[in-house]
Amino acid sequence: APVAAEGAMVLCRGGRMTLGTDDRSEAYDNERPQHEIDLAPFRIDVTPVTNAAFLRFVEDGGYDDRALWSEAGWTWRQQSGAAAPKHWERGTSGWTVRTMDRVEVLDPLRPVCHVSHHEAEAYARAAGKRLPTEQEWEVAATWNPATGRPQRYPWGDERPTRALANVDQLGFGTAQIGAYTRNVSPIGCYGMIGDVWEWTSSDFAGYPGYETFPYPEYSETFFGNEYKVLRGGSWATAADVARTTFRNWDYPIRRQTFSGFRCARDA
């Protein structure tokens, strides 16, 4: 069952926050170094946006409302002809979705998957919200107000397992919201590890004090405004990579990745 009403948000009070990591045993260069930022208060969705919520955006004409799309997003919308998430199909008996080799009735309680940054941004605007920055995302996933420090994962410091989050390619698809009862961050955000990569509004760039390792083509070559950052890992992500500090990046037009999103709003 859902852990919160659709579109419910939780408050993060902001302040001086710690991001990133100094780990050199498995973290990539773009996750380093650990550093502090001043973060303004914000609200963020308790859960990723679901199929049910995104379907309302589709059926309310969101793909045809120019006011909801950025200039680049509208250009992509016109050129691609997209009218729903990738792999969705409208049939005589309703909507279906293909996951790997299976075609199933669209499950309203699963996170929407295979949407581009442009689609996520348009949905957020229609909802009167926005996409979170990657800094807001990481704080929402890890910051523990009770201890005044970040945790390694939403549930604590224990590494991800199949019992904690939908990772490691074992589910062959997303799970319903609420399926992993411990996958909740200290401030109350569900599912920030696993199921879908979550788009943020942030361009891919190095952290303050960033040092290239082992060579520029690993991360540095991709820094700039061409790529948007995704966080959290998906059902197909190896558990060792599904870290709250891990930074994925892709072109905002990409839909073939297992990508979804949640929304944020200024507090």
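**A strand pairing to begin with**

Analyst: Let's start at one spot: E198 stands opposite R231 in β11. Pairing here means that DSSP finds at least two bridges between two strands, and helices (H or I, at least four residues) and strands (E, at least two) are DSSP runs, numbered from the N terminus.

User: Before we go on, what kind of model is this?

Analyst: This is a predicted model, where local features need pLDDT of at least 70 and side-chain atom pairs count only at pLDDT 80 or more, while totals for chains, interfaces and linings use all residues. Residues are numbered from 1 along each chain as its sequence is written, and side-chain values use heavy atoms, with hydrogens and water left out.

User: Thanks. Which way do β10 and β11 run, parallel or antiparallel?

Analyst: Strand β10 pairs with β11 (residues 224–231) in the antiparallel sense, over four bridges. β11 is also joined to β12 (residues 248–250) by three bridges, again antiparallel.

User: Are E198 and R262 buried or exposed?

Analyst: Both are buried. Buried means under 20% relative accessible area, exposed over 50%, and partly exposed in between (1.4 Å probe, protein chains only).

User: How many salt bridges turn up in the whole structure?

Analyst: A search of the whole structure gives 22. One of them joins R130 and D266, at 2.8 Å from N to O. R130 sits in the loop between α3 and α4 (134–142) and D266 in strand β14, 136 residues apart. R130 is partly exposed at 25% relative accessible area, whereas D266 is exposed at 55%.

User: You mentioned β14. Which sheet is that strand in?

Analyst: It belongs to an open sheet of three strands, in the order β1-β4-β14, with antiparallel pairing. The edge strands are β1 (9–12) and β14 (264–266), each pairing on one side only. β1 and β4 (residues 42–45) are paired over four bridges, and L11 has R43 in β4 as its bridge partner.

User: Okay, switching to helices. Which residues of α2 are buried?

Analyst: In α2 (residues 71–80), they are G73, W74, W76 and R77. Seen down the axis of α2, these fall within an arc of 160° (taken from the directions from the helix axis to the C-beta atoms), so they line one face of the helix. The face turned away from that buried side carries the exposed residues E71, Q78 and Q79.

User: What do the buried residues of α2 pack against?

Analyst: They pack against α3 (117–126), where contact means heavy atoms within 4.5 Å. After α2 comes G81, with a positive phi near 75°.

User: What about α1, which residues are buried there?

Analyst: In α1 (residues 51–59), N51, A53, F54, L55, F57 and V58 are buried. Their cover includes β5 (88–91), β6 (94–99) and α3. G61 follows α1, and its phi is positive, near 85°.

User: Can we zoom out? How many helices and strands does the chain have?

Analyst: The chain has four helices and 14 strands. Of its 267 residues, 52% count as buried. Among contacts between residues at least 6 apart in sequence, 74% join residues at least 24 apart.

User: And what box do the C-alpha atoms fill?

Analyst: Roughly 55 × 40 × 40 Å, taken along the principal axes.

Technical notes
A salt bridge is a side-chain nitrogen of Lys or Arg within 4 Å of a carboxyl oxygen of Asp or Glu.
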